[in-house]
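Thanks, everyone. Let me put the model on the screen and walk you through it.

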Amino acid sequence: MNEIVEKAREALHRQDGRHALEWADKALEQDERCFEAWLIAMQSFQLFLPIDSYDPQNEVSCARYAIRFAPAEKKAQVK
């Protein structure tokens, strides 16, 4: 699982939003409570969607799940 999240993080760092989202989705398939994968998914949308297709609700939904599933000690940082 950590390897998948790391691959998603690396893709995001390369500003490869499409692959970052694919890896984040794979991580979420294994554990839908992985707050890090939700954060990566949230950040990836802006990198590959055209402006006219961009829906900020995607990011808001991901952010809500990331906050919900973040451990108590990281909740404030995630917010």
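**Helix by helix**

Start with Glu-3, which sits in helix α1. Keep in mind that this is a predicted model. Is Glu-3 buried or exposed? Its relative accessibility is 64%, so Glu-3 counts as exposed. Now look across to Ala-27. Along the chain, Glu-3 and Ala-27 are 24 residues apart. Their C-alpha atoms are separated by 9.1 Å.

α1 and α2 pack with their axes 8 Å apart, at an angle of about 160 degrees. Angles over 145 degrees count as roughly antiparallel. So α1 and α2 are roughly antiparallel to each other. The crossing of α1 past α2 is left-handed. Who makes the contact? From α1, the residues are Ile-4, Val-5, Lys-7, Ala-8, Ala-11 and Leu-12. From α2, they are His-19, Ala-20, Trp-23, Ala-24, Lys-26, Ala-27 and Gln-30. Sorted by class, the contact of α1 with α2 has nine nonpolar, two polar and two charged residues.

Between these two helices there is a loop, and Gln-15 lies in it. Check the backbone here. Phi of Gln-15 is near 60 degrees. That is a positive value, in a residue other than glycine. Gln-15 is also exposed, because its relative accessible area is 60%.

Next pair: α2 and α3. Their axes are 8 Å apart, and the packing angle is about 155 degrees. That makes α2 and α3 roughly antiparallel to each other, therefore. Again a crossing to look at: α2 passes α3 left-handed. On the α2 side, the contact uses Gly-17, Arg-18, Ala-20, Leu-21, Ala-24, Ala-27 and Leu-28. On the α3 side, you have Ala-37, Trp-38, Ile-40, Ala-41, Ser-44, Phe-45, Leu-47 and Phe-48. By class, the contact of α2 with α3 divides into twelve nonpolar, two polar and one charged.

Stay with Ala-37 for a moment. Which residues does Ala-37 contact, leaving aside neighbours within four places in sequence? They are Ala-24, Ala-27 and Leu-28. Ala-24, Ala-27 and Leu-28 are also among the α2 residues that meet α3.

From α3, the contact residues are Phe-35, Trp-38, Leu-39, Ala-41, Met-42, Phe-45 and Gln-46. They meet Asn-58, Glu-59, Cys-62, Ala-63, Tyr-65, Ala-66 and Phe-69 in α4. The class count for α3 with α4 is eleven nonpolar, two polar and one charged.

Now Trp-38, in helix α3. Buried or exposed? Relative accessibility is 16%, so Trp-38 counts as buried. What does Trp-38 touch, not counting residues up to four places away in sequence? The list is Leu-28, Glu-32, Cys-62, Tyr-65, Ala-66 and Phe-69. Trp-38 and Glu-6 are 32 residues apart in sequence. In space, C-alpha to C-alpha, Trp-38 and Glu-6 are 13 Å apart.

Tyr-65 is found in helix α4. Its relative accessibility is 33%, so Tyr-65 counts as partly exposed. Take Arg-14 as a reference point. Tyr-65 and Arg-14 are 51 residues apart in sequence. C-alpha to C-alpha, Tyr-65 and Arg-14 are 24 Å apart.

**The core**

How many residues does the largest nonpolar core have? It has 22. Ala-37, Trp-38 and Ile-40 have the most contacts inside this core. Which helices supply at least two residues each? They are α1 (2–13), α2 (17–30), α3 (35–48) and α4 (56–69). α3 gives the most to this core, with six residues.

Terms used. Residues numbered from 1 in each chain as written. Predicted model: local features only at pLDDT ≥ 70, side-chain atom pairs only at ≥ 80, totals over all residues. Heavy atoms only, no water. Core = buried A, V, L, I, M, F, W, Y, C linked by side-chain atoms within 4.5 Å. Buried < 20%, exposed > 50% of the residue type's maximum accessible area, 1.4 Å probe, protein only. Helix = DSSP H or I, 4+ residues; strand = E, 2+ residues; numbered from the N terminus. Contact = heavy atoms within 4.5 Å. Nonpolar A, V, L, I, M, F, W, Y, C, P; charged D, E, K, R; others polar. Axes fitted to C-alpha atoms, helices over the stretch in contact; angles between N-to-C directions. Parallel < 35°, antiparallel > 145°, perpendicular 65-115°, else oblique. Left-handed = near helix turned anticlockwise from the far one by under 90°.
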